Amino acid sequence: MASKERRKWILGIDGGTNSLGWAAVGRNERSQPSDIIRAGVQIFADPLVDKGEPSARERSAARRMRRLVGRRQARRDELRTKLRALGLLPDTHDNELSSRGLEFRAKLIDETAEEVAGGRFNPGWVVGYALCSLNVRRGFKSTRKERSAGAGKSKSNDDAGKVLEAIKSTREVRGGLTHGQHLYQRLLDEKTTRSRPGSDGYNETFPNRDDIASEFDQIMEAVKSEFKNITDDDIAAMRSLILDQRQGVAPPRGICSFMPAEQRGYKASPIIERFRMMQEVGNISWIDSMGEVQRMVEYVDVRDELISHLRTKKSMTVGALGKFIDKRVPDFVELNTGDIRDKFVGCLTDIEMIKAIDDRWPQMPLEKQDAMVELLLSLASDESVLDRLQNEFGLSHNEAGAVLDVKLVRGTASVSNQAALLLVGQMERGLDFTQAVNALVSERNDFTDGLPVVRGLKKRLPNYEVHFAGTSHVDAITGRFTNPTLDRFFRILRTVVNRLIREHGRPDEAVVELVREIAQGEVKRKEHSKRQKAAQKENERRAKKLEEEGVAVTRENLRLLRLWEDQNEECIYTGKIIARTELFDGSCDIDHIVPRIKSSTDNRLLNVVLCTAGANRYKRDRTPHEAYGQSLDGYDWGAITERIKWLRKERKISREKVERFGEDARKLYDPENGLPIRLLTETAYIAKLMRAYLSSIIPAEHIHAIAGNVTAKQRKEWGLNNIVGTSEEDGKKARDDHRHHAVDAITIACCTPASLAKCAATDSTPWPTIRCDVKVVVDNIIAVHRVDRHEEGTLHEDTFYSMKHDRPASRNVASWFTAEKTSEKCRARIEKVVDLGLRSSMLRIFDNAGIDDKAVLQEWLAHPKRRIRGIRTFQDSRGQPVEIGRSHPRWVFTGGNWAVEVRGVDGGNWIAKVVDRLTANASNRAGVDGRLVMRLHRNDLVWLGDKIMRIKEISGGQEPLIRLADPNLIDGRPVTVTLSVLKKRGVRLAKPSPLGTFPQE
């Protein structure tokens, strides 16, 4: 039988950080889009958000702490092994003698080991446990990394300064005593020997490494005559184990984005800094008097002068940059601030090195400068670096010491020194960055554009690890994307495309959408993080205010309070002063400056203001200028604009918010670009990698990329904006239905160059019935939600609780609670205080103080005679016991629900139970009976009768239940189903194929 002829088709991809819209559009004999073969949507949670993982900085801190603890344990074990070999420690560790280590350290300076032992134990053990005590805290020793924590102020530098002050204070108080004698004297005086910030011991117990080294030498000098078997080599070995810093392993730098044979260069390298400056300055653009955009790359003389100027400056603000250009470009009007950063950083390495060695630095060849920077950033010891600076670079002892303390920027760039040198050479000719890359790719065989080279088409998409192997996009060790969002997206993309290939053959053409990338460098990320922390503190302050006033702490109330503070406590439209009591009684509204457009509303603070309810009703669905611009009905537009100007001058509101009060506010508002910056950035990066990935199955010349505004324009012209969603009129598309990703994918697939040319020439759609065909296809799509069934996640709260025998089994001792206010709610919590005497006293103080006197109870708790920081209270929530090596269990409160397990028992009945993550990870799950029928997770798709629904929530409260929602809608009305009636309601697991079909089972 003759095989069926394969249809030619176009693949359209609408990719994002948590969604994949795909479409297979058929082609006619003229290679034009002609019909829709099929389309679908995959929805998946962003791993960075869904799992609630800590930030990279927190994870790095945790790994750093684990490594530090591991190194301490290794050093302790090596020292004990050495001491046992010399007979200075017993074969079995003695806890009692170990606890006297500080005493032994103090006495060995003036007494012999035999006198200290007093005939009760081996005198050698006195020395051994003294050295073990010495090894516990070896004293502070600054490193180049701490002294060079970055060019400029840093927390690390501030902390190091405090430590040095503490060491100085400790030495002054200690006098002629060794550090061990000083600590032992404090112990006898019943003072702390630990250094805790804020305590009286912080500035009197902090040693330097030199102090510990001096004490070690004094102890060994005092006991050397008693122990003839201890040689000088043994003493040197013990001294090294206790005092020497272990040589660390330099982390891999990664491979260069353009020259895979080279490793990435350090950001502090002079050539890398010059490359960065050339790239940043080349991206500067401005508006001339004719309204045209001019680029710095076209003004080579101005660019070179600006770079020379920046090489002598630590930074340059945007305002100073504008003045600099205005003096040199006669047609200059204003900077195009959308394309540049807040400030420009100069060559910090040059500035710092010139401070250290003056003219010696500029006179060095560039290669020698880079070699010196690499030496300073290496893990070699200070002594080794000082020696090499003098012998290899010809510096004097003083010059080498000054260079050793130079502050350098940490981290690596994305390119190697060699690639940076080549790119700088091309950009100096007047090329921009992209042109420089293209020129080098054509000139050199060892220079690539950073994407994998494809030789021959494959039958299906390979694993992305194979395709991108050897490039800078994947980790050199694991071979995977370091970003879990990209990892998940490309695995899902491969599954969908390969299933399409299996059913319809390889696509002949592909179109992907490129989203405008918003770059966010290291400086911007730090500034963004700083703003986030400040905003979080402000939110906590507002939440505390709301609690004090008895107002519910909700997102809406927090926004009301913030807008009230930002707007100087007055209505933005009427100027009426708004009392605090009016904020939450319905007298005020949060108004969208630019109103709802179709079903899309920009709810960001950028687009909302606080106003009276009457002013909001009058404004209706109009912009401020449309509603109040004529100064009718008692509203004064002049006064409104004056209030806006004053708020802007006081930096209460942003420039973008002011623009929304203008006559062209509707033109400024574009919900298509109203996405978070991170999502836009990652979406653009995904689009770039998609083109490279698809080139393994489709010729590169048949893979097209279009801008998002092109897709939006064609979608609107072809009448596809209101195919899905609640919108009733043509305009911007609705985003409340996940199927809009499929509509986008179909539109993208139809935007081939040939199709766009034909539609532009004939002013028509790709084919006459496209809108009806899209409607039919989309109406039959069910969004497939990907489910993470792994058991990993937060198992329980951080705190371990204890049971109290005088309380019911359901009441476990809860966490510490600090009484900060007096209220009826506070009294209810006081009644749960564990200590009966403290509970009675607190209740008496509370009742006598009265509700209005909020500080009395807190002052009573903080009195110097009591100094009560926290109180143990009972908590009514039922905990879960865990064994942690004690005779009695500790209790925890679980961190979340994992799944619903449905098991069949005798008689055909079902028993459904919510399983939390702690139980799911238990090695021995007792009490599990019956045959497993199904296991339901959040985001699983299930049949509810003959309808497919998505599990939106799993609740394990007093009445366990699941809440189901429409899989296509983002915020559909949920359907609640209790676990006891799952079988009666016809709930069963739906197993979708990668292409979104749901076979009945």
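Visitor: Is Lys267 buried, exposed or partly exposed?
Guide: This is a predicted model in which local features need pLDDT of at least 70 and side-chain atom pairs count only at pLDDT 80 or more, while totals for chains, interfaces and linings use all residues. Residues are numbered from 1 along each chain as its sequence is written, and side-chain values use heavy atoms, with hydrogens and water left out. Buried means under 20% relative accessible area, exposed over 50%, and partly exposed in between, with a 1.4 Å probe and protein chains only. Lys267 has a relative accessible area of 26%, so Lys267 is partly exposed.

Visitor: Where is Lys267 found, and what separation do the C-alpha atoms of Lys267 and Asn417 have?
Guide: Helices (DSSP runs of H or I, at least four residues) and strands (runs of E, at least two) are numbered from the N terminus. Lys267 belongs to the loop between helix 11 (232-243) and helix 12 (270-282). Asn417 is 150 residues from Lys267 along the chain, and their C-alpha atoms are separated by 9.7 Å.

Visitor: How many helices and strands does the chain have, and what percentage of its residues count as buried?
Guide: The chain has 38 helices and 25 strands. Out of 1001 residues, the part that counts as buried is 43%.

Visitor: What share of the contacts with a separation of 6 or more comes from residues 24 or more positions apart?
Guide: Contact means heavy atoms within 4.5 Å. Among the contacts in the chain with a separation of 6 or more, residues 24 or more positions apart account for 67%.

Visitor: Are helix 10 and helix 11 roughly parallel or roughly antiparallel?
Guide: Axes are lines fitted to C-alpha atoms, for helices over the stretch in contact, and angles run from 0 to 180 degrees between N-to-C directions. The axes of helix 10 (residues 209-223) and helix 11 come within 11 Å and cross at roughly 155°. Angles under 35 degrees count as roughly parallel, over 145 as roughly antiparallel, 65 to 115 as roughly perpendicular and the rest as oblique. Helix 10 is therefore, relative to helix 11, roughly antiparallel.

Visitor: How many nonpolar, polar and charged residues has the contact of helix 10 with helix 11?
Guide: On the helix 10 side are Arg209, Ile212, Ala213, Phe216, Asp217 and Met220, which meet Ile235, Met238, Arg239, Ile242 and Leu243 in helix 11. Ala, Val, Leu, Ile, Met, Phe, Trp, Tyr, Cys and Pro count as nonpolar, Asp, Glu, Lys and Arg as charged, and the others, Gly among them, as polar. By these classes the contact has 8 nonpolar, no polar and 3 charged residues.

Visitor: How far apart in space are Val136 and Ile242?
Guide: Val136 lies in helix 6 (residues 123-136) and is exposed, with a relative accessible area of 62%. Val136 and Ile242 are 106 residues apart in sequence, and their C-alpha to C-alpha distance is 8.8 Å.

Visitor: Which residues make the contact between helix 15 and helix 18?
Guide: Helix 15 (residues 348-357) and helix 18 (residues 397-404) have axes 8 Å apart and pack at an angle of about 150°, and are therefore roughly antiparallel to each other. The contact is made by Met353, Ala356 and Ile357 of helix 15 and Glu399, Ala402 and Val403 of helix 18.

Visitor: Why is helix 32 largely enclosed by the rest of the structure?
Guide: Helix 32 spans residues 740-749. Its buried residues include His740, Asp744 and Thr747. Helix 32 is largely enclosed because the buried residues number 10 of the 10.

Visitor: Is His738 buried or exposed?
Guide: His738 is in the loop between helix 31 (708-717) and helix 32. Leaving aside neighbours within four places in sequence, the contacts of His738 include Val41, His785 and Pro967. With a relative accessible area of 12%, His738 is buried.

Visitor: How many disulfides are found, and how far from Cys750 is the nearest cysteine sulfur?
Guide: A disulfide is a pair of cysteine sulfur atoms within 2.5 Å. A search of the whole structure finds 0 disulfides. Cys750 is in no disulfide, and the nearest cysteine sulfur, that of Cys751, lies at 7.0 Å.
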